[in-house]
Amino acid sequence: MMTRILPLLLLLVFCCLSVRCLQNQSDQQHHKRAFPVISIHYEAVRTPFEVALWILLASLMKLGFHLIPRLSSVVPESCLLIAVGLLLGGLIRVIGENPPVLDSQLFFFCLLPPIILDAGYFLPIRPFTENAGTILTFAVVGTLWNSFFVGAGLYGVCRLEGGGLASVDLLSCLLFGSIVSAVDPVAVLAVFEEIHINELLHILVFGESLLNDAVTVVLYHLFEEFAHVGEVTPGDVFLGVLCFFVVALGGVMVGAVYGVLAAFTSRFTAHSRVIEPLFVFLYSYMAYLSAEVFHLSGIMALIACGVLMRPYVEANISHKSYTTIKYFLKMWSSVSETLIFIFLGVSTVAGPHVWNWTFVSITIVLCLVSRVLGVVGLTYIINKYRMVKLSGKDQFIVAYGGLRGAIAFSLVFLLSSDDFAMKNMFLTAIITVIFFTVFVQGMTIRPLVDLLAVKKKKQSKTSIIEEIHTQFMEHLLAGIEGVCGHYGHRHWREKMNRFNKRYVKRCLIGGERSQEPQLISFYNKMELKQAMMLLESNSSASLNTAGHTTTTIEQSSRRTLNISKEREEEIRKILRANLQKTRQRLRSYSRHTLMPDPAEDDWSETHLRKQRVEIQRRMSLFLTGPAHRQESPPMRRARFESDNQEHVTRPSVPLNVTPVSSVLQDSVTIDNESEKSDESRWRRHGGDEKQEGERGIRGRKPSVTFALDLDEQKRSRCLSDLGPNQLNEDDEESFLSH
Amino acid sequence: MGSTNSTLIKIPNVDELIQETGFSTAHIIRLHDRFKELDKERRGYLCPQDFGAIKGLAINPIGDRIIGAFFSPGRETVDFYTFVKILAHFRPADNSRPKESSSPEPINSRTNKLKFVFQMYDIDKDGKISRIDLLKALRSMLEMQVTEEQLDSIVDRTIQEADLDGDDAISFEEFRKSLEKVNIDHKMSIRFLR
């Protein structure tokens, strides 16, 4: 009744008011316009509206591509996006407006960092460090070779051609060469992501694209400065070389500092888990910006920060935060990538173009030739020092995968027109090179990979065996190197691991996780993953086959009974622990904590009941008093509470681990028993306690009167968002106090 | 050059060594120098104490197993010949050598490398890696930072993953199969021993 009357009332009031307004208006006889009920204020909302619209458009495009099945398997996404950009640019021009150009500020400060952070944070460390020498050689020497070859070649051609190109001097050519020869991480990621090439080649090309930023930055600023000043002295060249080291190492240092800060901060975020991901993003972005302030390599800073903070942050943060970070990074980088390619297309339509057939075609040819020569030449030298040599096929893929992208475009765009009269020509040439590499090379690389039968990425499940054997072999080889008296990289790696374990981990990882050996974390991660998989598949039949890989499923069914039961026991234990974890519940509502699930009631109740039984059991171990204590229920409750409180406030009781596990086993069996027996046990200890417990659960107000509730509150809040690999610690946390 | 020749002459069975292990003369000389460096008392053979003096091995979690691998069962000394033969396992495989089906498999082939690692796991030398072997290996690697229960569950899982015939131990074939995706050649080679 009320709900129907209310809107009617409102309508009435509104009508009265408007009538009154009109009356007033007519009474006053002013030149006052009527109160606008609906008006359009586009200008105020314009910028955010357009930004949101672009992003929405980009995302819809991404969706659209995958709806057209044939297209997405032939043409890489980047090509489609550029094509869409071209269309959009054309549309905007047809409408009559000026299509927006890819603003360099926007690009370097908003669009590029997420992609690089995503790449750096999830960089596979082991392949990267194993091939670090090769990657660095390609990045530094290869890029230098490319720049000078292309620059000198272009200059020679310009001299020969004459005509419109005569005014292009050596410095401009060199600058253009340095910009155009940098392999672009965005383009490489976009294309290589889809062809699933084997890990080695992927990391080679991708690592090169990341590390050559230092070289590009130095060369760019160098040549720009020289062009501005007008003359070069040998001292300047020397300074340039020095600058390279400063830029590269400085960038890494800045990144490292921020990475350590982030790791250290994450140690203390136990009570505000919700903002954990924010720290990761903010520190990384600050690293990038700080490096840019000093003209250091921002990309290297970002990579160093991500790589350094990852192991420590992951050990400290909760599982949910880890998932958040992962998905946010993937989302942002995906959107950024899409926007970059679309804007490239739009800018092509927009920018002023100066088309010069000779210049453009020579550029493309020189780029290809220099890349091939560079890769072949360098590989010949590198193979002498590599254990796993790069074959011809590998070299071809590395050479062919050198794609150029938006970074080159933005760098050219940043050039000032006064110093570089031929800026527009450069722009056109760069866009053509980018189009060529992305379209032609991007589209053909997939059939070529299939044709040459290049090894693809192995879809292998991580197994604990491989991890154990790998570690065993590392130790073995380090020992043998010691026997031979050869201090190779394994020796240094072991040294670093020891240093890491002894000093760094203790500083940066909070709590008990700092002592955890790597194998254990790996094992826990695997078990967690499996338990999660079980949760999702949610079938009791699969419980028996939980611990086995697919290859041994047949054998497992033939296995002896006791092993499978053990397995089942363990899986049940893990499941239970995880189920409690994933459905934790907070007592008080606040905007700054996560909302609980309404379906969590029964689970937390079982949990509480379990805990209560455990505490009673524990108490029975400690209580030495005779059995004649006829305590009335309220008194017992008080004692229970006081013991509990004491139990909670005492700093970590050094309990042996084995009783905990045995207690856990008991708890598992308890849960196996029927609810009825639980109830009966409850009733023995007085129905009051049960009621009190329930009241505590259901009441949302912080029930200060029941000390028991507060303890439960504290405990459950502490348990609500545990770290990622917390199987054992979870159990410990349940029973040790904080 | 003269000193090289004289060194080569001092080493017995040099040609046989080169033939069997595939090392070059430069390597043999280098290893000989190292052997002499370890053999402080100039006895011509090494005993476990000499190995124990190497700092790298002392802090290595599986250092004692590595030392044990050099000494064939029953012998207390290692002469140069055995020293080089054991180290030959860690030579990177050379794909350039033509594969002769008649000659025996080179020491640094993938199978032999795997056999070496297998022998290092299998302390009781029964031809299989049993639970006890695995437990001991894991314990030495993890250095007492884990509980019995954790170790047990890891060992359980490892054996389950690898054991195909259900005998609760890992035979060499199963071992080899579980590592087929790992690039053994890369992981078990020391670069300078080319």
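A: A:Arg46 counts as partly exposed, at 29% relative accessibility; partly exposed lies between buried (under 20% relative accessible area) and exposed (over 50%), with a 1.4 Å probe and protein chains only. This is a predicted model, in which local features need pLDDT of at least 70 and side-chain atom pairs count only at pLDDT 80 or more, whereas totals for chains, interfaces and linings use all residues. Residues are numbered from 1 along each chain as its sequence is written, chains are lettered from A and ligands numbered from 1 in the order in which they are written, and side-chain values use heavy atoms, leaving out hydrogens and water.

The partner of A:Arg46 is A:Glu50, with which it forms a salt bridge of 3.5 Å, N to O. A salt bridge here is a side-chain nitrogen of Lys or Arg within 4 Å of a carboxyl oxygen of Asp or Glu. Side chains of opposite charge can pair when their charged atoms come close. A:Glu50 and A:Arg46 are separated by about one helical turn, because they are 4 residues apart in helix H2 (residues 42-67) of chain A. Helices are DSSP runs (H or I) of at least four residues, numbered from the N terminus. A:Glu50 is also partly exposed, at 31% relative accessibility.

A second pair joins A:Arg371 to A:Glu208 through a salt bridge of 3.0 Å, N to O. A:Arg371 lies in helix H15 (residues 357-382) and A:Glu208 in helix H10 of chain A, so this pair ties together parts that are 163 residues apart in sequence. Both A:Arg371 and A:Glu208 are buried.

In chain B, B:Arg176 and B:Glu173 form a salt bridge whose closest N and O atoms are 3.5 Å apart. These two are separated by about one helical turn, because they are 3 residues apart in helix H11 (residues 172-178) of chain B. Both are partly exposed: B:Arg176 has a relative accessible area of 29%, and B:Glu173 has 48%. Back in chain A, salt bridges that share partners join A:Glu43, A:Arg46 and A:Glu50 into one network. Over all chains, 13 salt bridges are found in the whole structure.

How many salt bridges are found across the interface of chain A and chain B? The rule finds 0 there. Even so, chain A and chain B bury about 5,300 Å² between them, 64% of it on carbon and sulfur atoms; buried area is the accessible area (1.4 Å probe) that two parts lose on being put together, summed over both. On the chain A side, A:Met387, A:Phe472 and A:Val483 lose the most area to chain B, together 14% of what that side buries. Several helices of chain A each supply at least two residues to the side that touches chain B, among them helix H19 (464-484) and helix H21 (518-537). H19(A) gives the largest share of that side, 19 residues. The residues of this side divide into 21 nonpolar, 21 polar and 16 charged; Ala, Val, Leu, Ile, Met, Phe, Trp, Tyr, Cys and Pro count as nonpolar, Asp, Glu, Lys and Arg as charged, and the others, Gly among them, as polar.
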